[in-house]
Amino acid sequence: MIHRRAALGLMAGAGAALGGCGRQDGITRLTFWAMGNEGTHVPALMPDFEAANPGVRVEVQPQPWSAAHQKLLTAYAGASLPDVSQVGNTWVAELAAIGALSPTPDVAADLLQDQFPAVLETNRIQGRAVATPWYVDTRLLFCRTDRLAQAGYGSVPTDWAEWKKAMHAVRRVGGEGTYAILLPVNEFEQLLTFGLQGDQPLLRDRDTRGNFASDSFLAALSFYRSLFDEGLAPVASASQISNVWTEFARGWFSFYFSGPWTIGDMKARLPAAVQPHWMTAGVPGPTGPGASAPGGSSLAVFRASPHQEAAWKLVRYLSDPAVQARFNGLTGSLPARPSAWSAPAVVSDPYIAPFRAQLARARAVPKVPEWERIVTEMQIVAERMVRGQFTVREAGAEINRRADRLLEKRRWMLDQGRAA
């Protein structure tokens, strides 16, 4: 991956992007990069768009998620970005920092209405939207309702203390060799979710230093560690779990953090005997229903595209609530526009309903280009804490040290007056 510093250095020397296939025979030809499952299914939506816009043709170019981030930065450096692209929400700050994104124009300002606030906030840089939410996700709990019922609980408790009691009861029901929850130690998302419950920010001093030694994050670290110390979660990485669906079905664990993409997997992979006995549930917090990080993908129009008007027409079409509801039927991706959630296929699915409530409680993560590297370091330190190499306080201080190192360039830029 091209680091932000390298991309900034290349920016001055890069020429104007080619912006797709251009205009030939009176037809504007847009290139649209779409990733993963979306790249497979979004072409089915293009005929209706092209029928409504006879002067525009769209070439969808599918990209693998594993290479998409690097490919976008490489394309920026090589002046070969597409007109429009799907981008991960956590990439927005980095792409904005190198000047690649076209801010939302006034004629498209209405696209910023009818949005989940925390998701929209991830697309704002310095108060201005530079990308448009396309679909949303967040993480919450998938749980074995039969195990909960056997443990004496009709639903997942909403606060940490009662939830932990329920987990102990579930483990007793499962018996020797079982656990209550799977928290892969090589994944940062679960600890980040716990960390978002506090009233103190994860970064401080204008997002130039870590705040992982704050009382609220130390409480999250302590709760996270206690789940391992008390035998409720196995000390295992995702690579050590041969098959999540098989282990969930046999009751090796009864709680699992994941996103809406897992609904389809559960429906397709769990045996028939287990199908009636699982459900989604909101994230518990310290004293009641908790927060989570807003996720999903956005639609970005690049500054270098010579087809700004046509590109924003495509964004408008894909943002239409009816089109988003149709896209949900094709991919299972949750609509970014709350009004699209009234579509029959969305509103009738009981597994989806908790996601809407959870998204209403979502909290945006810091919008700095270094964020993905910071949470990776957070995960590395947390795993070492779980394995006994750090105390909770030592882990908080170590995460701060690593975050501060990664944010050194940002501090310098602010000191020089070159960043807001």
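**Aromatic close-ups**

**View 1. An aromatic cluster.** W160, W163, F194, F223, Y224, F228, F255 and F257 come together as one aromatic cluster. Two rings pair here if they belong to Phe, Tyr or Trp (its six-membered ring) and their centres lie within 6.5 Å; planes under 30 degrees apart count as stacked, over 60 as edge-to-face and the rest as tilted. This is a predicted model, with pLDDT of at least 70 needed for local features and 80 or more for side-chain atom pairs, while totals for chains, interfaces and linings use all residues. Numbering runs from 1 along each chain as its sequence is written, and side-chain values use heavy atoms, leaving out hydrogens and water.

**View 2. W134 on F327.** Searching the whole structure turns up 24 aromatic pairs. One of them is stacked because the ring centres of W134 and F327 are 4.9 Å apart with planes at 15°. It joins distant parts of the chain, 193 residues apart: W134 in strand β7 (residues 132–137) and F327 in helix α14 (residues 321–331). (Helices are DSSP runs of H or I, at least four residues, and strands are runs of E, at least two, numbered from the N terminus.) W134 is buried at 1% relative accessibility, and F327 is buried at 3%; buried means under 20% relative accessible area with a 1.4 Å probe, protein chains only.

**View 3. W160 against F194.** Here the centres sit 5.9 Å apart and the planes meet at 85°, so W160 and F194 are edge-to-face. W160 is in helix α8 (residues 160–174) and F194 in helix α9 (residues 189–195), so the pair ties together parts 34 residues apart in sequence.

Conventions: Buried < 20%, exposed > 50% of the residue type's maximum accessible area, 1.4 Å probe, protein only.
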